[in-house]
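I opened this notebook to look up charged side-chain pairs. My plan is to take the pairs one by one and note where each partner sits.

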Amino acid sequence: RPNIKERKDFSCAIFGPDGGLVANAPHLPVHLGSMQDAVRYQLQYWSNGDNIDIKEGDVLVSNHPKAGGTHLPDITVITPVFNKKSKKPIFWLASRGHHADIGGIAPGSMPPFSKYLCEEGVAIEAFKLVKNGIFQEKDITTMLTTPNKKAGIDAKGTRNLSDNLSDLKAQIAANNKGIELMNMLINEYSLEVVQAYMIYIQNNA
């Protein structure tokens with residue numbers, strides 16, 4: 001889609017087990033500066049003490065400002081990565097892309113005169129976009145097409161659902177490619193070495 005493919009209004013990054021940023025592509029600072037908070041918010045949201053309600057085959061999605069988001073058209077797709085030795089993610093991959101429309105009171109979902117979040121569009125705090133390896137198309141469609149209403153405000157759901165769904169699937173695929181490359185590193189050097197170098201990179205930042 002033009003916003004992502006042509007304007008390159010997207011960002012990708014790798015995060016450690018605690019959700020801390022390790023490395024990112026040289027994309028948009030406004031994305032990358034808060035993506036760490038978005039990953040850590042999801043980690044906290046789905047955790048209950050030592051247990052975490054996320055498992056292999058799950059992919060998370062969020063765009064809410066209180067969950068580490070920027071403006072609502074920037075949707076973040078977050079994929080936790082597991083291995084057999086750990087019940088918690090060993091690292092995370094995330095991609096944030098600007099969607100052409102996410103609903104609200106004006107096409108493009110960036111009204112300069114908005115006073116309320118609902119005027120910008122649909123807000124998603126935390127949702128499993130993929131659950132047990134299955135893309136939750138019905139539920140995400142309902143979320144995207146249901147207006148974020150406030151009394152007296154005529155907000156709409158997304159005006160271009162097919163683009164939203166295609167872009168979300170592309171973001172999932174981008175994360176999967178990152179996981180594939182990270183697993184190649186782990187197979188070559190071991191998980192312990194890769195995680196150690198994640199910490200070295202963070203300490204040297």
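This is a predicted model: local features need pLDDT of at least 70, side-chain atom pairs count only at pLDDT 80 or more; totals for chains, interfaces and linings use all residues.

D53 is partly exposed, at 49% relative accessibility.

Next I looked up its partner. D53 meets K128 in a salt bridge, 3.7 Å from N to O. I then checked where the two sit. K128 is in strand β8, residues 127–131, and D53 is in the loop between β4 (51–52) and β5 (59–62), so this pair ties together parts 75 residues apart in sequence.

Is K128 buried or exposed? I found K128 buried, with a relative accessible area of 11%. The cut-off for buried is under 20%.

I then looked for another partner of K128. D58 also forms a salt bridge with K128, and the closest N and O atoms are 3.4 Å apart. D58 lies in the loop between β4 and β5, K128 in strand β8, and 70 residues separate them. I noted that D58 and K128 are both buried. Taken together, D53, D58 and K128 are linked in a network of salt bridges.

I moved on to the helices. Which residue does K169 pair with? K169 forms a salt bridge with E137, at 3.7 Å from N to O. K169 belongs to helix α4 (residues 161–189) and E137 to helix α3 (residues 137–145), so the pair ties together parts 32 residues apart in sequence. K169 is partly exposed, with a relative accessible area of 40%. E137 is partly exposed as well, at 36%.

Last, I looked up the total. The structure holds 8 salt bridges.

Notes:
Residues are numbered from 1 along each chain as its sequence is written. Side-chain values use heavy atoms; hydrogens and water are left out. A salt bridge is a side-chain nitrogen of Lys or Arg within 4 Å of a carboxyl oxygen of Asp or Glu. Helices (H or I, at least four residues) and strands (E, at least two) are DSSP runs, numbered from the N terminus. Buried means under 20% relative accessible area, exposed over 50%, partly exposed in between (1.4 Å probe, protein chains only).
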